[in-house]
Protein chains: 2
Amino acid sequence: GGTKRVLIIFAHQDRKSFNGELLNVATHELESQGHTIEISDLYLQDFNPIATKCDISGNLNDKRVRNNTDGGKHCCDEGEISPEIRSEMTKLEAADLVIFQFPMYWSSTPAILKGWFDRVLQDGFAFNFEKQQILDNGLMAGKTALLSVTTGGSRSMLSDLGVSGDINVLLWPIQYGVLRICGFNVLSPQLSHGLPLIAESTRTDYLSEWRKRLQKIWTEVPLSFPACSDYDS
Amino acid sequence: GGTKRVLIIFAHQDRKSFNGELLNVATHELESQGHTIEISDLYLQDFNPIATKCDISGNLNDKRVRNNTDGGKHCCDEGEISPEIRSEMTKLEAADLVIFQFPMYWSSTPAILKGWFDRVLQDGFAFNFEKQQILDNGLMAGKTALLSVTTGGSRSMLSDLGVSGDINVLLWPIQYGVLRICGFNVLSPQLSHGLPLIAESTRTDYLSEWRKRLQKIWTEVPLSFPACSDYDS
Ligand SMILES: Cc1cc2nc3c(=O)[nH]c(=O)nc-3n(C[C@H](O)[C@H](O)[C@H](O)COP(=O)(O)OP(=O)(O)OC[C@H]3O[C@@H](n4cnc5c(N)ncnc54)[C@H](O)[C@@H]3O)c2cc1C
Ligand SMILES: Cc1cc2nc3c(=O)[nH]c(=O)nc-3n(C[C@H](O)[C@H](O)[C@H](O)COP(=O)(O)OP(=O)(O)OC[C@H]3O[C@@H](n4cnc5c(N)ncnc54)[C@H](O)[C@@H]3O)c2cc1C
Ligand SMILES: [Zn+2]
Ligand SMILES: [Zn+2]
């Protein structure tokens, strides 16, 4: 029990889309449970996904700042984060559960969400490789993350032997290679397949499945991944 | 033999970086072979990675145009592509070999390159699912693609049992899920691992390995993938 804080990262151009309907379901369901919801609507915020000097409010003559080649560590060390990124970091720090709501674009996230990973999850904030603060020791440990993905391809196209490739493999670089590295507990993804191929009733079913799942979300067991100690340092 | 056309998609902020050095090696080696090189320097071009109404020069009151929810098909059908995208498409149409030169960001490409996939490889231009123009029948068939990736992680971190996950799995959503779906023949990736952990001599080795590989690039056998006919339609 207790009140939780939920951050929803929404990466669709239109609230009237099916992605927008999934967002509404989550917002209403979780609010009705008494939790606090924060939404980052990336297109609406005009979020800039380009990792470059606009990350930084510091000295642009500093080669490391200009090039952003050192994983953002330099800026993080010196508190030179741009207000746009600082604001996302603040929301993330407060969150117990982070839901990423997005349509699959080219077997992955839309670029605007990829840029959110690139710019917000900085070295020293979300993880620290040198101090082995990754995986179960990651700086996001204690937080839970969930990908809610809509796809154009059908369930069978995105299955094991399907033409689009197994969706679990497609999501691995995100679920393990981004989220788990930072220490998030990752819940299994919420998949709404086959838009716009599906019947109106299936769309409605997807929405009510999502609502039902969210009713019990706080007791779900996360996916299991290797621990930091499973690797040689 | 014969003169080939090479397109290099460069996704690093700085030509003076190691990525920039790899770009120079490729340009000089391939030019010295008599081929024609075209470079898309995404940061320099201020390439916009956000898939949204700026893709389109058409009627913004058209819901489908505004939302970009139909995979870009609508715009492609009607020739309403923005000049920035049209220009990338023109370069791509002319290319025999496309090299993607980028640093690994969060187990994948930087967002600016992800946005290039999202916006340039449109339905009807790069592939057409309805007409089964994917994989060996994809609209990019006959072209070859190669990912040249630099990483922060070492070779062992990015190996099979490494902490960062197997790089071949991390690159699968791109090599299969983007490039092969469109019909490209995909050569094995060129990997320059462990920047900036490595010695200056290793950096030099990486550059000469890349040059040597490019000398014989035209006879390389691509990675093998399932064919369109291996799947139920
Ligand atoms: C750049 C790009 C890359 C993509 N790559 C992939 C991929 O790799 N794999 C994959 O599986 N899919 C891919 N897709 C498809 C994408 O995942 C789906 O288009 C998306 O998940 C649909 O979600 P939505 O919320 O936009 O759906 P919706 O809002 O439901 O829109 C889906 C369709 O329904 C139509 N629609 C919406 N509302 C209505 C309505 N009220 N009445 C009638 N029609 C309506 C829209 O015009 C649209 O055509 C890609 C799409 C794009 C643009
Ligand atoms: C947002 C982000 C996410 C990342 N995610 C991953 C990931 O998931 N997996 C992974 O393996 N790596 C990751 N990295 C690391 C990234 O892949 C490497 O930083 C990149 O490949 C290095 O390529 P470069 O061309 O910038 O290298 P370089 O130009 O060689 O720069 C690398 C380092 O060398 C320094 N340097 C450059 N030139 C000189 C010089 N002349 N003298 C002294 N120092 C110099 C730079 O300051 C920098 O610190 C990430 C980096 C960023 C910014
Ligand atoms: Zn600084
Ligand atoms: Zn139109």
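Contact here means heavy atoms within 4.5 Å.

**Ground rules.** I'm looking at a predicted model, where local features need pLDDT of at least 70, side-chain atom pairs count only at pLDDT 80 or more, and totals for chains, interfaces and linings use all residues. Residues are numbered from 1 along each chain as its sequence is written, chains are lettered from A and ligands numbered from 1 in the order in which they are written, and side-chain values use heavy atoms, with hydrogens and water left out.

**Entry 1, the interface.** I looked up who touches whom: chain B brings 45 residues to the contact and chain A brings 46. Together they bury about 3500 Å², with 67% of that on carbon and sulfur atoms. Buried area is the accessible area (1.4 Å probe) that two parts lose on being put together, summed over both. On the chain B side, B:Trp106, B:Lys114 and B:Val163 lose the most area to chain A, together 22% of what that side buries.

How many salt bridges cross between chain B and chain A? I get 0 by the rule, which asks for a side-chain nitrogen of Lys or Arg within 4 Å of a carboxyl oxygen of Asp or Glu. The side of chain B that touches chain A takes its largest share, 7 residues, from H6(B). By class I note 28 nonpolar, 14 polar and 3 charged residues on that side. Ala, Val, Leu, Ile, Met, Phe, Trp, Tyr, Cys and Pro count as nonpolar, Asp, Glu, Lys and Arg as charged, and the others, Gly among them, as polar.

Helices (H or I, at least four residues) are DSSP runs, numbered from the N terminus. In chain B, the axes of H4 (residues 83–94) and H5 (residues 111–120) come within 10 Å and cross at roughly 90°. That makes H4(B) roughly perpendicular to H5(B), a label for angles of 65 to 115 degrees. Axes are lines fitted to C-alpha atoms, for helices over the stretch in contact, with angles from 0 to 180 degrees between N-to-C directions.

I found A:Glu84 bridged to A:Arg119, with the closest N and O atoms 3.0 Å apart.

Technical notes
Helices (H or I, at least four residues) and strands (E, at least two) are DSSP runs, numbered from the N terminus. Angles under 35 degrees count as roughly parallel, over 145 as roughly antiparallel, 65 to 115 as roughly perpendicular and the rest as oblique.
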